[in-house]
Amino acid sequence: MVGSINRETLIHKAVGRILPLCAAAGVTLLLADSLSAQNYPNRVIKFIVPLAPSSPIDVIARMIAPALSARLGHPVIVENRPGGGTTIGTRAVAKASPDGYTLLFTGATHTVAPALSKNLGYDPIKDFAAIGSVGRGSWVLVVRPSVPAHSVQELVSYAMANPGKLNWGFGRNAGPHLLGELFISETLIDVNRVPYKTGAEAVPDMLGGRIDMNIGTVENLLPLLQDGKLRAIVTTGELRSSELPEVATMKESGLPKLTKGFWAGLLGPSALPHDIVTKLNADLNAILTTRDLAASLTNFGIEAKGGRPEEFATLIDEEIKAWQTAAKLAGIEPE
């Protein structure tokens, strides 16, 4: 009995000593997290863009970086790491230290990739912390002027009457690629697929007469459309593009499943402290309301659109599921 009491006494004393230590450790961790946010940033922040220089996402990143730099009081630079259908740069951020100094500036390719690739080397949801959305835009399907079509209906009729005659150029592992496959699946047209590393690489061949059809961002193709070197057939998105108000949307053209568009946003490694996510999100939303930045994005065909991290995370989750479903409907097998 005495031994039992002594053992119980010892246990209670030990627990009494351990609990304060655990509590202190917890407080220390909370303080460390808070202090990391208070001291953040104190050096250069890097935006990793997993696409080539001059791509739409790269251009937008270079608009956001100086505005965010001015807001934070520390440099924000852009580093391009293209390749692997955006997986190389994206993977680098997934494996980066979660200190807020290496972030991923990306777009719809982040949600399209899981539908096209088996082995990304990262989980597009679990390996990232959503910081915030930056803006939204539309894609546009264009043809060469020699193609006798001015609408979806006319393009489908021409393709049906001339199976295998139209050459469709696209960048692999990108949103326009999957959208094009869906367009073909929905309209049952027969075209020749001509893949490129990026969609932009197909444009010179289109101007040279080797490619007949392409899908790209409105901002990239607008100058060629305005010069009459290409013709717009249809745009994505729920509403008509402000730059191409005369061009019907997919929904208006009888293709309601093809309304996905272009977006840009900021992500960090999954273990990024909540306080840093909150700070970056607040600063990002703040700069998006400034007149000059909003005007620059608008001129580039992008509507400035921020929001909470949770809203951005939901967008990513929903789009991944939607694109995977779309890929199955189009008969696309991940490679």
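Which residues in helix 2 meet which residues in helix 10? I started there. I60, M63, I64 and A67 in helix 2 meet L293, S296 and L297 in helix 10. I took contact as heavy atoms within 4.5 Å.

**Ground rules.** I worked on a predicted model, where local features need pLDDT of at least 70, side-chain atom pairs count only at pLDDT 80 or more, and totals for chains, interfaces and linings use all residues. Residues are numbered from 1 along each chain as its sequence is written, and side-chain values use heavy atoms, with hydrogens and water left out.

**Helix 2 with helix 10.** The classes: Ala, Val, Leu, Ile, Met, Phe, Trp, Tyr, Cys and Pro are nonpolar, Asp, Glu, Lys and Arg are charged, and the others, Gly among them, are polar. Next I looked up the geometry. Helix 2 (residues 56-72) and helix 10 (residues 291-299) pack at about 175°, with axes 11 Å apart. That makes helix 2 roughly antiparallel to helix 10. Axes are lines fitted to C-alpha atoms, for helices over the stretch in contact, and angles run from 0 to 180 degrees between N-to-C directions. Angles under 35 degrees count as roughly parallel, over 145 as roughly antiparallel, 65 to 115 as roughly perpendicular and the rest as oblique.

**Whole protein.** I noted eleven helices and eleven strands. Helices (H or I, at least four residues) and strands (E, at least two) are DSSP runs, numbered from the N terminus. Of the 335 residues, 49% are buried. Buried means under 20% relative accessible area, exposed over 50%, partly exposed in between (1.4 Å probe, protein chains only). I also checked contact range. Among contacts between residues at least 6 apart in sequence, 77% join residues at least 24 apart.

I traced six strands in an open sheet, order 2-1-3-10-4-11, with mixed pairing. Its edge strands are strand 2 (76-80) and strand 11 (303-304), each pairing on one side only. Helix 2 packs on this sheet and touches strand 1, strand 2, strand 3, strand 4 and strand 10. The direction of helix 2 makes about 160° with that of strand 2. Two strands pair if DSSP finds at least two bridges between them.

I then walked across the pairs.
- Strand 1 and strand 2 run parallel, joined by five bridges; V49 stands opposite N80 in strand 2.
- Strand 1 (residues 45-49) and strand 3 are parallel over three bridges; K46 has T102 as its bridge partner in strand 3.
- Strand 3 and strand 10 (residues 262-269) are antiparallel over four bridges; L104 has L267 as its bridge partner in strand 10.
- Strand 4 (residues 128-137) and strand 11 run antiparallel, joined by two bridges; G135 stands opposite A304 in strand 11.

Is strand 3 enclosed or open? Five of the six residues of strand 3 (residues 102-107) are buried, so strand 3 is largely enclosed by the rest of the structure. Strand 1 is mostly covered, with four of its five residues buried.

**Other helices.** Helix 9 (residues 274-288) lies across strand 3, strand 4, strand 10 and strand 11, at about 10° to strand 4. I ended on helix 4 (residues 109-116) and helix 6 (residues 175-187), whose axes come within 9 Å and cross at roughly 55°. That makes helix 4 oblique to helix 6. T109, V112, A115 and L116 in helix 4 meet G175, H177 and L178 in helix 6. I counted by class again: four nonpolar, three polar and no charged residues.
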